[in-house]
Amino acid sequence: MDVAIIKYNAGNNFSVQGALRRLGIEASVTDDPELIRKADKVIFPGVGEARTAMEYLTACGLDRVIRSLVQPVLGICIGQQLMCRHSEEGDVDCLGIFDAEVKRFRPTDAEFKVPHTGWNTISVVNDGGVVPSRFDGSYVYYVHSYYVPVNSCTDVLTDYIVPFSGAMHKGNFYSTQFHPEKSGGVGSDILKHFLDI
């Protein structure tokens with residue numbers, strides 16, 4: 001199986017590559033449009049800032065490449081956020097695959113810290129996405145200050161300050177706000193499920 005990890009102005013690519021290697025998959029980390037288009041599966045991960053990332057994607061033409069993909073695509077963390085219409089982070093228009101606006105967490109009391117960092121549970125509300133229902137109630141690992149509100153594409157809910165989209169799905173585009181590559185056995189199984197789609 002040919003898996004491409006999109007290389008752009010955001011970190012975390014090699015953590016994802018390592019997680020796939022543990023599953024027996026040698027994925028390429030690339031910004032070459034042809035290699036991305038020809039891959040069986042594409043992963044769009046990232047740790048970074050939305051405006052800077054979108055400026056890089058647009059300058060390289062990768063924004064158009066990602067929108068045009070027809071094979072299964074998985075966005076992780078900022079990858080999920082950049083798949084949305086707009087982000088409050090840097091007040092920037094994003095890829096528009098999901099019709100949602102990314103919001104910043106606003107703590108309601110001192111109990112809640114931002115960024116939301118650590119393990120939290122997930123509730124699977126739609127079994128058709130990248131997270132099968134057998135993982136309902138599982139713990140996964142999060143690191144983020146911005147979130148996607150619940151919308152018609154939401155497959156998984158997580159609650160921190162507000163309920164938000166832990167995972168989404170529309171057509172051939174899948175996403176997780178959590179980091180499957182840092183979520184132990186559960187995350188590894190979710191990545192394997194994506195590879196099997």
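Two strands are taken to pair if DSSP finds at least two bridges between them. Helices (H or I, at least four residues) and strands (E, at least two) are DSSP runs, numbered from the N terminus. The model is a predicted one, in which local features need pLDDT of at least 70 and side-chain atom pairs count only at pLDDT 80 or more, while totals for chains, interfaces and linings use all residues. Residues are numbered from 1 along each chain as its sequence is written, and side-chain values use heavy atoms, with hydrogens and water left out.

An open sheet of four strands shows mixed pairing and the order 6-5-7-11. Strand 6 (92-93) and strand 11 (146-147) are its edge strands, each pairing on one side only. Strand 5 (residues 84-87) runs antiparallel to strand 6 and is joined to it by two bridges; H86 has D93 of strand 6 as its bridge partner.

Strand 12 (residues 154-160) and strand 13 (residues 162-170) are antiparallel and joined by six bridges, with T158 opposite F164 of strand 13. The two strands form a hairpin with one residue between them, and I161 in the turn has a positive phi of about 70°. Strand 13 is also joined to strand 14 by four bridges, again in antiparallel fashion, and H169 has Y174 of strand 14 as its bridge partner. Two residues separate the strands in this hairpin of strand 13 and strand 14, where G171 takes a positive phi near 60°.

The largest nonpolar core has 33 residues, of which I6, Y8, F44, L57, I66 and L82 touch the most other members. A nonpolar core is a set of buried Ala, Val, Leu, Ile, Met, Phe, Trp, Tyr and Cys residues joined through side-chain atoms within 4.5 Å; buried means under 20% relative accessible area, exposed over 50% and partly exposed in between (1.4 Å probe, protein chains only). Two or more residues each come from strand 1, strand 3, helix 3 (50-60), helix 4 (62-68), helix 5 (78-82) and strand 7 (98-104). Helix 3 gives the largest share of this core, four residues. Contacts (heavy atoms within 4.5 Å) of Y8, not counting residues up to four places away in sequence, include F44, P45, Y56, L57 and L82. A second, separate core of 31 residues includes V140, V156, Y160 and I190.

Helix 6 (residues 184-196) has 13 residues and reaches 19 Å from its first C-alpha to its last, close to the 18 Å expected at 1.5 Å a residue; the expected span is 1.5 Å times one less than the number of residues. G187, I190, L191, F194 and L195 of helix 6 are buried. These residues cover an arc of only 145° around the axis, which puts them on the same side of helix 6; the arc is that of the directions from the helix axis to the C-beta atoms. Their cover includes strand 1 (3-6), helix 1 (13-22), strand 3 (41-44), strand 4 (73-76) and strand 14 (173-176).

H144 lies in strand 10 (residues 139-144) and is buried, at 4% relative accessibility. A polar atom of the H144 side chain lies 2.7 Å from the backbone oxygen of Y146. R21, in helix 1, is partly exposed, with a relative accessible area of 43%. The side chains of R21 and E26 are joined by a polar contact of 2.8 Å. A polar contact is a pair of N or O atoms within 3.5 Å; within protein, one must be able to donate a hydrogen and the other to accept it, and residues adjacent in sequence count only if both atoms are side-chain atoms.
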